[in-house]
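Dear colleague,

Please find below the structure that I am handing over to you. My findings follow directly after it.

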Amino acid sequence: MEETGREAVATAVQRVAGMLQRPDQLDKVEQYRRREARKKASVEARLKAAIQSQLDGVRTGLSQLHNALNDVKDIQRSLADVNKDWRQSINTIENLKDVKDAVVQHSQLAAAVENLKNIFSVPEIVRETQDLIDQGQLLQAHRKLMDLERSRDDLMYEQYRMDSKNTRDMNLIDNYFGDMQKLSDELAKQLWMVIQRAMVTVRRDPTLLVSVVRLIDREEKIDRRMLDRKKQTGFIPPGRPKKWKEKMFSVLDRTVTTRIEGTQADTRESDKMWLVRHLEIIRKYVLDDLLVAKNLLDQCFPPHYEIFKNLLSMYHQALSARMQDLASEDLEANEIVSLLTWVLNTYKSEEMMGNPELAPEVDVNSMERLLSQDVIDDLLNTYMSTLTTNIIGWLRKALETDKKDWMKETEPESDQDGYYQTTLPAIVFQMFEQNLQVATQISEDLKIKVLHLCLQQMSSFLIRYKDEAHLYKEEHLRNRQYHPCYVHYMVAIINNCQTFKESIVSLKKKYLTPMMEDIMASSHACIYAVLDDVAKEGCSSLLDEVFMDLEPHLNELMTRKWLAGSNAVDTICVTVEDYFHDFARIKKPYKKKMTIECHRRVVVEYIKAIMSKRITFKNGEERREGADRMNREAEQFRFLFKKLAAGSGEDTEGLCSVIEGIAEVFKLTDPSLLYLEVSTLVSKHPDIRDDHIAALLTMRGDASREMKQTIIETLDKGPGQLNPNYVPIFKEITVPTLTVPKLLK
């Protein structure tokens, strides 16, 4: 207390010091004193009130404790009195045992009297009930059956109460009512027959179905009542619980399963479309049944039965089991497609579970798949394996058919632009298109796989196509009379390559996203390369055919006959132009390459004739005449190939200028300027070798051995300047027989 007083004094001193810090505050001392006095009085009043409240509470608590003590004493005296009375009444209770037994017997006799009429008339009631069941009057039959069961159950219950261990009397009662169980089973059989035909009955006679459901619901209530009594007494009548509701759903489940399995009307042997028909019948039946269940059946059952929800689950499970059975069979490729399309697409589409009339009770997004992902993957793997085998077979058959067309004596068909073609590209890509359309119906991933497979097999097929085209050429060369339309079909083969390219581009645009197209670009490039090789070899084969006809006329060049006025070049031009009437049926990319290559080969063959040393000019007149003839023939070639290359943008000047450059070497009259002319030719065509120069000088006829050696040695010393755009032409031209040293000698 003293310490608290000291703290209070210190606090007061601190407050006073805070109030009187300035001289002018001394005038307010009296005001401060009155304010503090008021605060003190207020605090003292609150403290007194709190203490008074605490005292009142303590007083009330003491009073209640005193009253509780008195109550406990009263209860103690009452319990003592009860205990005394109970001990005095024990003997009296034992004396009432006989009364108790009499009461039990009275209860049994009362139950027997109450059911006496039913007991004596059991055989008659059984017959009446059986007749009612046979007549289809199920409600009346069930009412009589319930009366019989009630009589039996009451008697057995009273017997159980009297002596639960007396099985002899219990069995006696049960045997007396034995026919009643047969009636119950017979009635149940009739109920299950109605339930099995529920989808039909609900449309024809919904009242009958409602009656059946009422009977089942009654039995469910009796089952619950009997189970409750068993919990209290331990007694339950024979045959209970019947669980007719559970059996009803079991019957419905079997009915649904049988309905699904029974829709297969055909087999693969009798109808190739058996699976499509089977799945379509399932779709129609299931949709019709669910619509009936939602719109009609649901109204015949109590809401807590959730009949539509349960039926939906039954159909889903039955369909899943059926699809699993079908998937385990040895299905063909088209059957796998039909099954997967139905499972992955049709099942949840508006044609079936996604039908607007089934919403919102049916939510396709929350439904599980009919087949597990493992089963689907196995089916897809089987499908891809089978499809690979089929595509290989189809491509082989298509190629064999195309080869037979090559042997025909009639020209191939032409497209709308007049280009020769065979049916091969159309057949191949129609097959690819059909399989891709089918794959698209199943999944995006399968579509990509099928497209990749098609292109992969296309690459292998084109290699065989190239080999067969080569064999076709070889066979023709052995006997050129054997294939009268060889040129036309070779043109068609070349055009097919371009058609294949266009078809591949079309497939990519239709079935690939730009991203996937970039990913698969490398495989496409390989196919394009093979196609270009096939077309290139085809063009080469056609040019070989041309030059086989030109060979006698090419051999006539640079001979005395040629110098005297041969029309060999005229014949060459006419022959080339005649062939190019057929080559005009080649599509543009390859036609342009064909024209360029033909132009190059004609010029090369012409230069080869010059290098072959078939003629040596005897004098200046012959050199001038030969040079003039070469210039005229170069111009003929230029005109011909300009005509053939019209609109293609081909340069027809460069190649023919080689012939004109050689002609200038021959035309030169002053031998001293020969080096300059030859060096000019070499500067334009740096691939000219020494043997070429020696052959030209030999054909000129007036160059001495020393001049040839000097020109060749001087040119060898000169620095060669190679034009990066220059296309070599002398590189593939060989000078026959004589070598440079022999010529110099």
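**Findings**

Leaving aside neighbours within four places in sequence, Thr575 is in contact with Asp549 and Leu550. Please bear in mind throughout that this is a predicted model. Thr575 itself belongs to helix 22, which covers residues 568-583. With a relative accessible area of 16%, Thr575 is buried, because the cut-off for that class is under 20%.

**The chain as a whole**

The chain has 745 residues, of which 41% are buried. Its secondary structure comes to 29 helices and two strands.

**Helix 13 and helix 14**

Helix 13 is formed by residues 307-328 and helix 14 by residues 333-346. Their axes come within 11 Å and cross at roughly 155°. Helix 13 is therefore roughly antiparallel to helix 14, since an angle over 145 degrees falls in that class. The crossing of the two helices is left-handed. On the side of helix 13, the contact is made by Leu319, Met323, Leu326 and Ala327; helix 14 contributes Leu339, Trp342 and Val343. Sorted by class, this contact of helix 13 with helix 14 comprises seven nonpolar residues, with no polar and no charged ones.

**Backbone features in loops**

- Glu306 is not a glycine, yet it has a positive phi of about 45°. Its relative accessible area is 43%, which makes Glu306 partly exposed.
- The loop between helix 14 and helix 15 (373-406) is the place of Pro360. Pro360 is joined to Ala359 by a cis peptide bond, with omega at about 0°.
- Met558 is found in the loop between helix 20 (521-555) and helix 21 (560-565). Although Met558 is not a glycine either, its phi is positive, at about 60°. Met558 is buried, with a relative accessible area of 0%, whereas Glu306 is partly exposed.

**Cysteines and Ile392**

How many disulfides does a search of the whole structure find? The search returns zero. As regards individual cysteines, Cys454 has a relative accessibility of 0% and counts as buried. Cys526, at 46% relative accessibility, counts as partly exposed.

The C-alpha atoms of Ile392 and Cys454 are separated by 9.6 Å, while the two residues are 62 residues apart along the chain. Ile392 lies in helix 15. At 27% relative accessibility, Ile392 counts as partly exposed, whereas Cys454 is buried.

**Points to locate in the model**

- the contact of helix 13 with helix 14, including Trp342 and Met323;
- the cis peptide bond between Ala359 and Pro360;
- the positive phi of Glu306 and that of Met558;
- the contact of Thr575 with Asp549 and Leu550.

With kind regards

Conventions. Residues numbered from 1 in each chain as written. Predicted model: local features only at pLDDT ≥ 70, side-chain atom pairs only at ≥ 80, totals over all residues. Heavy atoms only, no water. Axes fitted to C-alpha atoms, helices over the stretch in contact; angles between N-to-C directions. Helix = DSSP H or I, 4+ residues; strand = E, 2+ residues; numbered from the N terminus. Parallel < 35°, antiparallel > 145°, perpendicular 65-115°, else oblique. Left-handed = near helix turned anticlockwise from the far one by under 90°. Contact = heavy atoms within 4.5 Å. Nonpolar A, V, L, I, M, F, W, Y, C, P; charged D, E, K, R; others polar. Buried < 20%, exposed > 50% of the residue type's maximum accessible area, 1.4 Å probe, protein only. Disulfide = S-S within 2.5 Å.
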